[in-house]
Amino acid sequence: MKIRKAQGFALIDLIFVIGIIGILASIATPRLFAARQGAGSASAIGSLRAIASAQLTFALTCSSGFYAPNLTTLGVPPIGSDAPFLSQNLTGDDIITRGNYIIQLSATAYPTAPGSCNGLALGEAGQAYKAGADPVDVNNNSRYFAINANGTIFEDTVTLFPVMPEVGDPLSGHVLGQ
């Protein structure tokens with residue numbers, strides 16, 4: 001009698017390996033989603049900090065203490081320079097999507113505001129501003145952020161941008177980190 005040597009995998013081995021892969025994937029998927037959400041939130045916070053810094057630079061160096069009314073204005077370099085106040089990835093439009101967040105900026109025009117060094121007309125700049133970052137996927141992400149001329153970032157579980165004052169604290173939300 002001759003004994004044959006088994007080579008290869010049996011069907012049961014293959015099913016066992018696929019089962020283990022499935023279990024590992026089901027454990028890793030929620031953590032992967034949470035990591036992606038955390039990275040998007042960090043990107044939104046970084047974007048709001050960059051906007052605040054750009055607004056301060058714009059106000060101090062270009063517009064006699066007044067703020068830019070929108071993101072695209074911060075993307076226009078001053079006359080005689082080729083460096084804008086804010087990078088192109090945040091100034092392509094007045095409302096942009098970055099890191100799975102919708103980022104926007106506004107400032108109420110002040111009628112006697114002077115023109116700016118980058119071509120903003122008289123009366124278009126604001127005395128203060130507000131910026132917000134709302135998640136694109138509101139069903140799976142409940143972290144909303146906003147900042148204003150005070151320079152403090154606020155967080156809430158509902159959108160802050162519509163209720164964020166240009167100066168002072170919003171009626172809802174809390175200071176980031178509290």
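Helices (H or I, at least four residues) and strands (E, at least two) are DSSP runs, numbered from the N terminus. On that basis, Thr61 has its place in helix α1, and the secondary structure of the chain comes to three helices and six strands. This is a predicted model, in which local features need pLDDT of at least 70 and side-chain atom pairs count only at pLDDT 80 or more, whereas totals for chains, interfaces and linings use all residues. Residues are numbered from 1 along each chain as its sequence is written, and side-chain values use heavy atoms, with hydrogens and water left out.

**Overall architecture**

- Along the sequence, the chain follows the pattern α-α-α-β-β-β-β-β-β.
- The radius of gyration of the chain is 25 Å, well over the 16 Å that the globule rule gives for 178 residues, so the chain is more spread out than a compact globule. The radius is taken over C-alpha atoms, and the globule rule is 2.2 Å times the number of residues to the power 0.38.
- Taken along the principal axes, the C-alpha atoms of the chain fill a box of roughly 105 × 40 × 20 Å.
- Of contacts (heavy atoms within 4.5 Å) between residues at least 6 apart in sequence, 49% join residues at least 24 apart.

**Surface and charge**

- Buried residues make up 37% of the 178 residues in the chain. Buried means under 20% relative accessible area, exposed means over 50%, and partly exposed lies in between, with a 1.4 Å probe and protein chains only.
- The chain exposes about 10,500 Å², of which carbon and sulfur atoms supply 61%. Accessible areas come from the Shrake-Rupley method with a 1.4 Å probe, and for residues only the protein chains shown count as cover.
- The chain has 9 positive and 11 negative charges, and their mean positions are 27 Å apart. Lys and Arg count as positive and Asp and Glu as negative, while His and the chain ends are not counted. The place of a charge is taken as NZ of Lys, CZ of Arg, CG of Asp or CD of Glu.

**Nonpolar core**

- The largest nonpolar core has 31 residues, and those with the most contacts inside it are Leu48, Ile51, Leu74 and Phe145.
- At least two residues of this core come from each of α1, α2 (71–74), β2 (101–106), β3 (130–135) and β4 (144–148).
- Helix α1 gives the most to this core, with eight residues.
- A nonpolar core is a set of buried Ala, Val, Leu, Ile, Met, Phe, Trp, Tyr and Cys residues joined through side-chain atoms within 4.5 Å.

**Helix α1: Arg49 and Thr61**

- Arg49 also has its place in helix α1, which covers residues 11–61.
- With a relative accessible area of 52%, Arg49 is exposed.
- Not counting residues up to four places away in sequence, Arg49 touches Ile153 and Leu176.
- Arg49 and Ile147 are 98 residues apart in sequence, and their C-alpha atoms are 8.3 Å apart in space.
- Thr61 is exposed as well, with a relative accessible area of 57%.
- Thr61 touches Phe85 and Cys117, residues up to four places away in sequence not being counted.
- Thr61 and Pro162 are 101 residues apart along the chain, and their C-alpha atoms are separated by 29 Å.

**Strand β1: Thr97**

- Thr97 has its place in strand β1 and is exposed, with a relative accessible area of 56%.
- Leaving aside neighbours within four places in sequence, Thr97 is in contact with Ile102 and Val136.
- Thr97 and Ala133 are 36 residues apart in sequence and 9.0 Å apart in space, C-alpha to C-alpha.

**Loop residues**

- Phe161 is found in the loop between β5 (153–156) and β6 (174–175), and this residue is buried, with a relative accessible area of 10%.
- Not counting residues up to four places away in sequence, Phe161 touches Gln104, Leu105, Ser106, Lys130, Ala131 and Gly132.
- Ser64, in the loop between α1 and α2, has a positive phi of about 55° although it is not a glycine. At 61% relative accessibility, Ser64 counts as exposed.
- Asn100, in the loop between β1 (95–98) and β2, has a positive phi of about 65° although it is not a glycine. Asn100 is partly exposed, with a relative accessible area of 41%.
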